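Me: I have a structure to get through today. Can we go over it step by step?

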Amino acid sequence: MTKAMDMGATTFLTNARLIDPEAGEERTGNVILDGGVIAAIGSASAPKGARVIDCGGKCLAPGIVDLGVKVGEPGERHKESFRSAGLAAAAGGVTTIITRPDTLPAIDSPETLEFVTRRADEAGPVRILHMAALTRGREGREMVEIGFLLDAGAVAFTDCDHVVADSKVLSRCMIYARSLGALVIGHPQDPGLSKGAAVTSGKFASLRGLPGVSPMAERMGFDRDMALVEMTGVRYHADQVTCARTLPALERAKANGLDVTAGVSIHHVTLNEFDVGDYRTFFKLTPPLRAEDDRVAMAEAVASGVIDILCSMHTPQDEESKRLPYEEAAAGAVALQTFLPAAMRLYHDGTMSLPKLFRAMSLNPSKRLGLPGGRMAVGAPADLVLFDPDAPFVMDRFTMLHSKSKNTPFDGTRMEGKVLATFVAGAQVYGREL
Amino acid sequence: MSFRARHLLGIEHLAPDEIRTVLDLADTYVDLNRRTIKRTDALAGMTQINMFFENSTRTQASFELAGKRLGADVMNMAVSQSSVKKGETLIDTALTLNAMHPDLLVVRHPSSGAVNLLAEKVNCAVLNAGDGRHEHPTQALLDGLTIRRAKGRLQRLTVAICGDIAHSRVARSNLLLLGKMENRIRLIGPPTLMPAGVNEFGCEVFDDMRAGLEGADVVMMLRLQKERMDGAFIPSEREYYHRYGLDAEKLAFAKPDAIVMHPGPMNRGVEIDGEIADDINRSVIQEQVEMGVAVRMAAMDLLARNLKAARGAEAAGVMV
């Protein structure tokens, strides 16, 4: 977050459709931002000297808290810098980025964490928090200095898509993390069964001649992690649950009182395996896109709350790493700017209301990480997004995206939902003069 | 004439009448190839580059001969190691070749979809000579021609495809072609070598070879790659041969006049008994090789016609 940010000015947002994910409702009203927080909601008149913004009946929601964003610093700044990621986030209504540690080198020491913290503070127009690796080099052998890293500000510990295959190592990491109250984020996937896979197994994979992974690999990985969570009592979040077969196990774990939450990427609730078509590498993701039945099940699980968190899994890749035969191409998609319009698909198709969407995109990730944001409430940080859920546009990756990398699967797609303005700590960080 | 495709990347995008067009033209090339003077000038002045990122003697020779008999200037590029090792990407290799103005590019690559990717970047006709586990369209076309000539038709036949279906681009292309031509397809093999989702393919699936061969008109054997022993797909070659190797006893379950096919190269004693492979009354394996040259001539001839027409239209300022 830029230090020059003006937290003192008072802003009066009037005539807004307020999205309250905590209450699960929306209403028309006014909001006063003062001192970096939401000072009042619903008051009738503007305070003296306040900047007045007429929202014109558009939606005002708590800014998105995006858990699991890849920024290319250190190591791959040509793909994404904190500056470019921050601009993309602001333009996408993301007010807090939680970065992933799958950088080069990995964020696995207090020193590397300090480096990214300093870089992020200098460059990002939005709030940026960092996760750290769970094992050194994300190699699954030695535990990182969880205590020091917590002191240095790490909000969670994850080896990202490198599954800690050795259950003994993982169990010790979990036991140690538990003693410090640290949140461990797992990637539910059986490493043996999923080895070498580029797509989800099934008819489509077979016709394309691509190596597939059974959805069962996710269930197996999740079941193992749940056994270890039960054994250790650690706070656990599954980064991405993408298959219907995993859901009963997730529900069971929650019903048994385990401290477990789960997330899913926006792509896995809006796209399916057929979108890969004739080897379109911008649709190559980790885990791979699933069958339509799975997509529907995931979207419904977000609506019902079984899946807690919707994230972008923003993963910038340059043109070169995508312009390869499908199996060799890099996985991942940029999504900070397309997150909100893609999520609007679930609103427009009737899967869930806007408060439910923002519960998954803003409130739940904040709660899980112990952050004060994600709420439309007096005293909450004035991190807000003003958007028009119905405004149509055609995504053009080269002219619209602020990310250094342009690998969006939505290029050329008709979308609905435009961010009009983004506020962080009460200051407008995106949008034209309102 | 009904053949509209610009490239031949797979059977998937071909219509049945396009398949028939290729086979009909190939029939005329079979006759030509049996004469002493085998040369035509259908591709005279045109340049054909064979780009093989994966070693293949047979397919490359077949394409080379096909091009030469059509009068094309044929160049073979062994790209399997050289430029790839130097770090050049597939796209760069394609662009380099494209700058030499080839008219036909014949490509084999170990990655599924690589030929599709390449076809997007060049402005000549591209023929897929096998990409990963995806497709091998000229193999399916030559198999189709062989069946049609042996059986007098290419429809309403019961065709059993046996062996490593999961890793076979030959099986993939044949499934599509035989399906489009309205045949009954049976897939036979151990479940570990069946592709995922096989039950949605509209085929009958057997792990018992005898049951699968019952009443078949055509028995199509696939090559078992030696490296399959490593990945725990099958226990051993001898158990595989016992259960899935084609011998006289198992072949007796097929129709008495059933033909035996194999895309080559064969592993005698692994997937097929040597005597059956050599039985001129049952095996059409040598005919398949002969049909291969004719089918590739037909496919290249048709693609060249479309290319000339497109370029002619372009020169005349017509949108194509």
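Me: How far does helix H9 of chain A reach from its first C-alpha to its last?

Reply: Helix H9 (residues 292–304) of chain A reaches 18 Å with its 13 residues. That is close to the 18 Å expected at 1.5 Å a residue. The expected span is 1.5 Å times one less than the number of residues. Helices are DSSP runs of H or I with at least four residues, strands are runs of E with at least two, and both are numbered from the N terminus.

Me: What kind of model is this, and how is it numbered?

Reply: This is a predicted model: local features need pLDDT of at least 70, side-chain atom pairs count only at pLDDT 80 or more, and totals for chains, interfaces and linings use all residues. Residues are numbered from 1 along each chain as its sequence is written, chains are lettered from A and ligands numbered from 1 in the order in which they are written, and side-chain values use heavy atoms, with hydrogens and water left out.

Me: Back to H9(A). Which of its residues are buried?

Reply: They are A:Asp294, A:Arg295, A:Ala297, A:Met298, A:Ala299, A:Ala301, A:Val302 and A:Ala303. Buried means under 20% relative accessible area, exposed means over 50%, and partly exposed is in between (1.4 Å probe, protein chains only).

Me: What covers them?

Reply: The cover includes helices H7 (247–255), H8 (266–270), H11 (339–348) and H12 (354–369) of chain A. Strands S14 (260–265) and S15 (309–311) of chain A are also part of the cover.

Me: Which residue follows H9(A)?

Reply: A:Gly305 does, and its phi is positive, near 95°.

Me: You mentioned S14 and S15. What is the strand order in their sheet?

Reply: The order is S9-S10-S13-S14-S15 in chain A. These 5 strands form an open sheet with parallel pairing. S9 (157–158) and S15 of chain A stand at the edges. Each has a single partner strand, so one side of each is left without a neighbour in the sheet. Two strands pair if DSSP finds at least two bridges between them.

Me: How many bridges join S13 to S14 in chain A?

Reply: 3 bridges join S13(A) (residues 235–238) to S14(A), and the two run parallel. In S14(A), A:Thr261 is the bridge partner of A:His237.

Me: What does A:Val116 touch, apart from its neighbours within four places in sequence?

Reply: A:Val116 is in contact with A:Glu73, A:Pro74, A:Phe82, A:Ile107 and A:His130. Contact means heavy atoms within 4.5 Å. A:Val116 and A:His130 are 14 residues apart in sequence and 8.0 Å apart in space, C-alpha to C-alpha.

Me: What is in the largest cavity's lining?

Reply: The largest cavity is lined by 16 residues, and A:Val164, A:Leu170, A:Ile185, A:Gly186 and A:His187 lie nearest its centre. S10(A) gives the largest share of that lining, 3 residues. The volume is about 110 Å³. A volume is the space filled by probe spheres set on the grid points, which are joined across faces, edges and corners.

Me: And how much space is in the largest pocket?

Reply: The largest pocket has a volume of about 950 Å³. 37 residues line it, with B:Arg108, B:Arg169, B:Arg223, B:Gly264 and B:Pro265 nearest its centre. H12(B) gives the most to that lining, with 7 residues.

Conventions
On a 1 Å grid over the protein atoms alone, a cavity is a set of points where a 1.4 Å probe fits but cannot get out, and a pocket is an open set with protein on both sides within 12 Å along at least five of seven lines; lining residues have an atom within 4 Å of a point.
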